[in-house]
Amino acid sequence: MSFQLFTTKFPCKLCNTEISFNINDPQTFLSKTQHESFFGMQLTTYRVAHTSSSNMERHINVVLVDHAGYFRGYVDAYSEEIKKKEEFPRQRLKPTFKILQERFPNPNEHNFFNLLLVLDAKEYWALEIIAPQNLRVYPLLEFITRKYAEMEQIYTVLPAKVNASYADMELNLWLKDSKIIVASFKKNKTLEGIDDLFGKIVETMNTERRIPQKKLLVIMAKCLNYLSHVTKKDVEFCLRILYDDRLHTRVYTKYEQYIPQIVKRVSSEFPIASEFLEDVLLGRISFIELLEQNYAKNFREIAEIIGFINRRKLL
Ligand SMILES: [Zn+2]
């Protein structure tokens with residue numbers, strides 16, 4: 001009988017403290033999600049928590065680990081305040097909105113959108129993805145919540161998409177239960193196929209019961225910058241950007257000697273691959289980092305390259 005006592009180690013993304021846990025001991029992590037094979041790797045996402053040195057915060061790292069227990073990359077990291085019981089605020093009569101992940105910067109300019117928000121009209125949180133610098137977001141959120149309440153009153157089943165005007169803005173709202181994406185387009189700009197994409201995202205937020213990271217929504221918005229219309233494939237890949245943890249991995253392969261051949265093969269189909277594929281296969285950069293840095297404009301090719309390598313099991 002073998003029992004693996006291997007310990008997985010990685011530095012906390014927030015405070016750099018070394019964290020260790022055991023993939024065979026559920027007491028050492030909060031949760032795990034297994035994924036299908038990706039670039040020859042069997043990856044699992046683990047959520048691991050530790051208490052910061054000040055004892056005031058709990059740091060939660062969401063990390064990818066391969067089947068052998070080696071750390072392969074961060075998906076996310078965030079901190080939670082540890083509150084003593086008596087410090088919990090009393091329930092307020094009127095709930096107020098919480099803007100999540102505020103510190104992550106919004107892109108300054110977008111080809112299509114003046115405004116892009118994601119929110120939950122019942123749980124009272126919002127993510128500000130793109131917004132004019134002079135916008136007061138709270139009155140707008142209140143307006144949308146009122147609008148949502150009106151809709152709930154008159155419809156037994158909410159429509160998937162509604163329009164509304166507020167101040168000088170024409171708002172487009174995509175809804176699923178209380179999850180809402182709000183967008184206002186620039187003058188004379190529309191993006192064909194966007195209904196499919198935003199409809200799918202609000203739906204997925206409900207089924208996955210997970211709010212996408214703001215960083216990933218910003219990356220997705222960057223990718224949309226370069227489109228003339230959104231295709232079915234674009235919708236699929238945008239959902240992967242938001243929800244497929246494997247795109248955060250640092251690839252590791254035992255067969256490093258084949259990498260030059262693979263790069264050559266893939267680059268003959270997709271020339272752009274010659275710029276970055278070696279770095280990806282050597283685990284220097286993840287696909288999400290590629291999109292974040294310079295390659296949002298190439299996101300369709302990147303989606304094809306990932307599919308090409310996985311389908312042909314080149315690794
Ligand atoms: Zn930490």
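What follows is a chat about the strands, loops and helices of this predicted model.

Q: Let's start with the sheets. In what order do the strands of the four-strand open sheet run?
A: The order is E3-E4-E5-E6, and the pairing is antiparallel.

Q: Which strands stand at the edges there?
A: Strand E3 (31-34) and strand E6 (71-81). Each has a single partner strand, so one side of each is left without a neighbour in the sheet.

Q: And how much are neighbouring strands turned against each other?
A: By 20° on average, with direction ignored.

Q: How many bridges join E4 to E5?
A: Eight bridges link strand E4 (residues 44-51) and strand E5 (residues 57-65), and the two run antiparallel. If you want a pair to look for, histidine 50 has histidine 59 in E5 as its bridge partner.

Q: Staying around here, where is phenylalanine 39 found?
A: In the loop between E3 and E4.

Q: Why does phenylalanine 39 count as partly exposed?
A: Because it has 19 C-beta neighbours inside 10 Å, and a residue needs 20 or more to be buried.

Q: What about asparagine 16, where does that lie?
A: Asparagine 16 is in the loop between strand E1 (8-11) and strand E2 (18-21). Asparagine 16 also has a positive phi, near 70°, and again this is a residue other than glycine.

Q: Buried or exposed, that asparagine 16?
A: Exposed, with 8 other C-beta atoms within 10 Å. The cut-off for exposed is 12 or fewer.

Q: OK, on to the six-strand open sheet. What's the order?
A: It goes E7-E9-E8-E12-E11-E10, and the pairing is mixed. E7 and E10 stand at the edges with a single partner strand each, so one side of each is left without a neighbour in the sheet.

Q: How do E10 and E11 pair?
A: Strand E10 (residues 161-166) and strand E11 (residues 169-176) pair in the antiparallel sense, over six bridges.

Q: Which strands does helix H1 lie across?
A: Helix H1 (residues 137-154) lies across E7, E8, strand E9 (125-130), E10 and E12. H1 runs at about 135° to E10.

Q: And helix H3, what does that touch?
A: Helix H3 (residues 214-224) packs on the sheet and touches E8 and E9. The direction of H3 makes about 35° with that of E9.

Q: Switching to phenylalanine 104, where is that?
A: In the loop between strand E7 (98-99) and strand E8 (113-120). Phenylalanine 104 is partly exposed, with 14 other C-beta atoms within 10 Å.

Q: Which residues does phenylalanine 104 touch?
A: Lys214, Lys215 and Val218, leaving out residues up to four places away in sequence.

Q: Now helix pairs. How do H2 and H4 cross?
A: The axes of helix H2 (residues 194-208) and helix H4 (residues 232-243) come within 10 Å and cross at roughly 35°. The crossing is right-handed.

Q: Which residues meet there?
A: From H2, Asp196, Leu197, Lys200, Ile201, Thr204 and Glu208 meet Val235, Cys238, Leu239, Leu242 and Tyr243 in H4. The residues of this contact divide into seven nonpolar, one polar and three charged.

Q: How about H7 and H8, at what angle do they cross?
A: Roughly 160°, with the axes of helix H7 (residues 287-295) and helix H8 (residues 299-311) coming within 11 Å. That makes H7 roughly antiparallel to H8. H7 passes H8 in a right-handed crossing.

Q: What's in that contact?
A: Phe287, Leu290, Leu291 and Tyr295 in H7 meet Phe299, Ile302 and Ile306 in H8. These residues divide into seven nonpolar, no polar and no charged.

Methods
Residues numbered from 1 in each chain as written. Predicted model: local features only at pLDDT ≥ 70, side-chain atom pairs only at ≥ 80, totals over all residues. Axes fitted to C-alpha atoms, helices over the stretch in contact; angles between N-to-C directions. Parallel < 35°, antiparallel > 145°, perpendicular 65-115°, else oblique. Left-handed = near helix turned anticlockwise from the far one by under 90°. Contact = placed C-beta atoms within 7 Å. Nonpolar A, V, L, I, M, F, W, Y, C, P; charged D, E, K, R; others polar. Pairing = 2+ DSSP bridges.
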